[in-house]
Amino acid sequence: MDYYKTSLHIHTKEDPRDSHIIRYSYKDLIKTLAEKGFSIISITNHDSIFYNKNLARTAEENNILLIPGIEMTIEGVHILGYNLDREDVFDKKGNYKIKKLEDIEKIKREDNLIIPAHVFYGFHSINNKLFEHCHLFDALEFSFFYTDNILSKIPNKKAIRAAERYNMPLIGTSDVHDKRILNETYTKIKCNLDNHPLNSKKNIKSVIRAIKNAKNKDIGINSRDLKKPIEIITNPLSNMFYFRKFTVASLSGFLGFFKH
Ligand SMILES: [Zn+2]
Ligand SMILES: [Zn+2]
């Protein structure tokens, strides 16, 4: 089994909510991810599954396995879904079929993954509702969004503690909206992939199984020996980047609050 460098929370220009803040095309992004050595990625645009054969071919040409993904908004909470069918998530008019967090139970399958995004980060996060709903999820997200400052590390510390308490795996992501930080937090996953073709259902299932079957003890965070089946590699953001992003996120959360 090999380790594959993985990035499972990425937004692109096609994102219906965030396209105005994204400067790269998906082709440009896939090329950069390949240059940085990523082998497995998922584009998780808001409220839409951005995946088709052309896209998978672009990934394949760059030696990358692309897993269909989405960042859903359920009860105002961002939930990452992988390898879901559009029909599972949306009705014919494009409205969410899943209206409540409990409804996630209906779409859970052996070959898909459901993970709450940025778990304890306030706006659009599941926060303490996790404790009544954790049976719905396959893993928790370890976020890139922290600095060397101790206060900024609190949300991830809470996620680590919750993952220990419920014996769940964690995955590290950079919730990529900006190419400069895509290498700051990511996950290395041990699994078996066939190379020809790389973008096959079998390979997607293999990655999903590796995450789904992992227990909390199987997760390493910046371990020196890289012996765990899932290793999160993570570096703190610079204060400048963090505060700029924090201001934008707070402002859009604040404005979003008045929109609903
Ligand atoms: Zn989100
Ligand atoms: Zn996101």
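This report describes strand pairing, crossovers and core contacts in a predicted model.

Strand β2 spans residues 40–43, and both of its faces are covered. Ile40 and Ser42 are buried on one side, while Ile41 and Ile43 are buried on the other. On one flank, β2 runs parallel to strand β1 (residues 2–10), to which three bridges join it. Thr6 is the residue opposite Ile40 of β2. Between β1 and β2 the chain passes through helix α1 (residues 26–35), giving a right-handed β-α-β crossover. β2 also pairs in the parallel sense with strand β3 (residues 65–74), over four bridges. Here Ile41 stands opposite Leu66 of β3.

**Strands β6 and β7**

Strand β6 (residues 140–143) is likewise covered on both faces. Leu140 and Phe142 are buried on one side, and Glu141 and Ser143 are buried on the other. A parallel arrangement links β6 to strand β7 (residues 170–173) through four bridges. Within that pairing, Leu140 has Leu170 of β7 as its bridge partner. Together with helix α6 (residues 154–165), β6 and β7 form a right-handed β-α-β unit.

The pairings are listed below.

| Strand pair | Sense | Bridges | Facing residues |
|---|---|---|---|
| β1 and β2 | parallel | three | Thr6 and Ile40 |
| β2 and β3 | parallel | four | Ile41 and Leu66 |
| β6 and β7 | parallel | four | Leu140 and Leu170 |

**Nonpolar core**

The largest nonpolar core contains 63 residues. Leu170, Val207 and Ile211 have the most contacts inside it. Leaving aside residues up to four places away in sequence, Val207 touches Ile40, Ile67, Ile189 and Cys191.

Definitions and conventions: Residues are numbered from 1 along each chain as its sequence is written. Chains are lettered from A and ligands numbered from 1 in the order in which they are written. This is a predicted model: local features need pLDDT of at least 70, side-chain atom pairs count only at pLDDT 80 or more; totals for chains, interfaces and linings use all residues. A residue is buried if 20 or more other C-beta atoms lie within 10 Å of its own, exposed if 12 or fewer, and partly exposed in between; C-beta atoms are placed from the backbone. Helices (H or I, at least four residues) and strands (E, at least two) are DSSP runs, numbered from the N terminus. Two strands pair if DSSP finds at least two bridges between them. A crossover is right-handed if, with the strands pointing away from the viewer, the path from the first strand over the helix to the second runs clockwise. A nonpolar core is a set of buried Ala, Val, Leu, Ile, Met, Phe, Trp, Tyr and Cys residues joined through C-beta atoms within 7 Å. Two residues are in contact if their C-beta atoms, placed from the backbone, lie within 7 Å.
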